[in-house]
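Thanks for coming, everyone. Let me put the structure up, and then I'll walk you through it.

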Amino acid sequence: MNKITSAIQSIGKELGKYLPRLYIVREAKGRDGVDGRVIAYVDRSSHISEQYKTLRTNLYSLSPDKSIKTIAITSSQSWEGKTVTCCNLAVTLSYDKEKKVLLIDADLRKSAVHAMFGLPGEPGLSEILDGRETIARFTAKPARGDLYIIPAGNVKDDPTGILHPARIEPVISRLKQEFDYIIFDTPPVLEFTDACIVGALCDAVIPVVKAASTQEHAIEDMVNLLVEAQAAPKAFILTNAHHLLDSHYSFYKYKHLMTYGKKE
Amino acid sequence: MSEEADPVGYTYLMNSLRNPRGGINMRSDTRVPSLVHVSFRSRVPDTSYKIVQATIDAIRVENKKTLEESVGASVAFLTRQISLYKDKMASVDAEMLNVIKELKEMADKLDPEQRDLIQRVTAEATIGQQAGGRAVAGETISTDPLAEIDMELSGARRSKKMLEKHIEEKDFRPESADQLQGRREDIFGKEIESKKLEIAELLAKGYLPAHPTVKRLQDGLRGTIETQEKYAKELAAFANREPTEAEKKRAERKMRDELEKQELNIETLEEKKKILEEHKKAAENVPIAETVLVGPVATKASKLKSLRDEKDILARYSYDLRKQLEDIDLRSMSEKSPVGFIVEVVEPPKMPVAPLPSQGTNNFVLGLIIAIGAGSALSYLVDSLDKSVRTSVELREKFKVPVIATIDRICTAEDLRAADARRNIIIISMAGLSAAAAAITAFAARVLNL
């Protein structure tokens, strides 16, 4: 039986070299009740974790003259991978012991960050903005690992009203003093204006684009809206990628990536 | 074969037969060399059937034509030869008559003993002439030539009467099946006998029955017997059918020719009979004595004797030629007969009852080409209609904004289940996966490009 298993594995491995790469989340919940999709936390040795490390490195070099402290992650439409990207990016950044990283769930309509990390959904950002809760409660100690997290909280009124710049700007200013990186998970730009409000107050807006799914005109509309809101995107993150289709990655490089640093 | 009657086209067919790439395949049977298989491969069964049928018809027509040509040439040659011999014999006859006349004239001046001798010699010469005539007919020379001539005459008169009766009643029936059967039995009988004799001789010489030569002869004998039996059956069928108009006309022409021949024959026989009676009467009065002729009489008598010998020889040659002619006539008649002689169709072409096997390889190649073409066209169409961004290069070039990360696809159990439901493919549940199941799942998911 073991021989059959190993044979299947080796055949799959060999054939897999010629197929697009894919990460299969084996367990819905990993250690500490963190969602399996937060791969940077639950499976640090995976190739996806390596890709998030690349993202971190590129983020450092994105603006060498002026450091980027606040980052708004958004997208044109739903289901493009904003929350997963936010969580993984925040975890990857938090691995740097010299940096304090805060992840804020600014998607008050469909909050998911707390669920990703297995935390209670409230209190959170809406309570802070309403004055019902203090920031200190969330910045006292990291929620998971070295990462500080502020969930969306319980939203009773209009989310856009809660996220009014007059309310949120002082909060961000204060948090910037305390943290090196603040990551905002925001709603889709083409559906709600929240991302434009938050983005205008951040150092960088980075939209997520889902490969082979997001249409060109949707990205164009999103960019136009962000530019109008003084929140022009600094960079893109391409998710759901097919490496074999991407001309940046030759097969050789791909194979090299798979075996690099591993013992024979 | 006319062009109209031939659905394939006679000229085209003959060209196809001559052309090795024409597609018409003719091969000899390995066991029976005289048997030829004709086949033609075509996509349309009906066309194959027509072509094979037309090929067989063409072979028969060509064969008949060749036979007629060869028989015609032989008949012409033999007729010419017979005519030559006839002329020679006529000249010998004329010379003999002159010698006899001269001897008779000389007889008046001789003594009675010598005169008798001359009479006897001339009488013998006349009888010799008759004997030569009979030799032409192939009969045994009897001691009473007059009786022989009488018999011949009566036979000829009987035949003449019969022919006249048939012509008067317009009863132009071709040769009956019995007659044909008789003649063929005669031909086959001779062949069978000769083959049997040949085999017996070889065995007597010490050849074993398994010897190839003996076996070949035995095969030939068997084949001849089988053919004879087959012809007997075909003749039985032939006997029951009504003769065609063409056959009737042929028979009429033959009858009229025969009648003319008989009339001529009767005339000749009557003349011969007359001469013979005269000479017989003269010879009866001559006593036989041993007399030695001398001088010019002896010379004439000797010349007469040599002329008689020459005529005998000519008559024998002529007889042989006539025999050959008769054989050829007989053979050609058999070959021209409706049942055929040399070329016969053992098994007529058949229309296939079952559908022909499909052209597997051709269909496969054709299907492959069509599939590749259709697939390419479809993929081009889908690709041209799809305006989604697929690579970081596209994204960067289109919006002039850097792409700081490219993250691979992350797939959860829910995604797999959704894909399973969508594509109707069983993928093992992610809960409690074994190593093998996990490997299969991972591979299947990647193949399906979830």
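What percentage of the 264 residues in chain A is buried? It's 45%. Keep in mind that this is a predicted model. Its scores are ipTM 0.84 and pTM 0.47.

Stay with chain A. It has 12 helices and seven strands. Now look at its contacts with a separation of 6 or more: 78% of them join residues 24 or more positions apart.

Next, the inside. The largest nonpolar core has 83 residues. Four of them touch the most other members: A:Ala90, A:Leu103, A:Ile183 and A:Phe184. Helix α4 of chain A gives this core its largest share, seven residues.

So let's look at that helix. α4 of chain A covers residues 82-94, 13 residues in total. From first C-alpha to last it reaches 18 Å, close to the 18 Å expected. And 13 of its 13 residues are buried, so α4(A) is largely enclosed by the rest of the structure.

Now pick out A:Phe184. Beyond its neighbours within four places in sequence, its contacts include A:Ile71, A:Ala72, A:Ile73 and A:Val198. A:Cys202 is also one of them.

Two stretches need care. Over residues 131-143 of chain B, pLDDT stays under 50. Residues 424-432 of chain B also stay under 50.

Notes. Residues are numbered from 1 along each chain as its sequence is written. Chains are lettered from A and ligands numbered from 1 in the order in which they are written. This is a predicted model: local features need pLDDT of at least 70, side-chain atom pairs count only at pLDDT 80 or more; totals for chains, interfaces and linings use all residues. Helices (H or I, at least four residues) and strands (E, at least two) are DSSP runs, numbered from the N terminus. The expected span of a helix is 1.5 Å times one less than its number of residues. A residue is buried if 20 or more other C-beta atoms lie within 10 Å of its own, exposed if 12 or fewer, and partly exposed in between; C-beta atoms are placed from the backbone. pLDDT is the predictor's confidence in each residue, from 0 to 100. Two residues are in contact if their C-beta atoms, placed from the backbone, lie within 7 Å. A nonpolar core is a set of buried Ala, Val, Leu, Ile, Met, Phe, Trp, Tyr and Cys residues joined through C-beta atoms within 7 Å.
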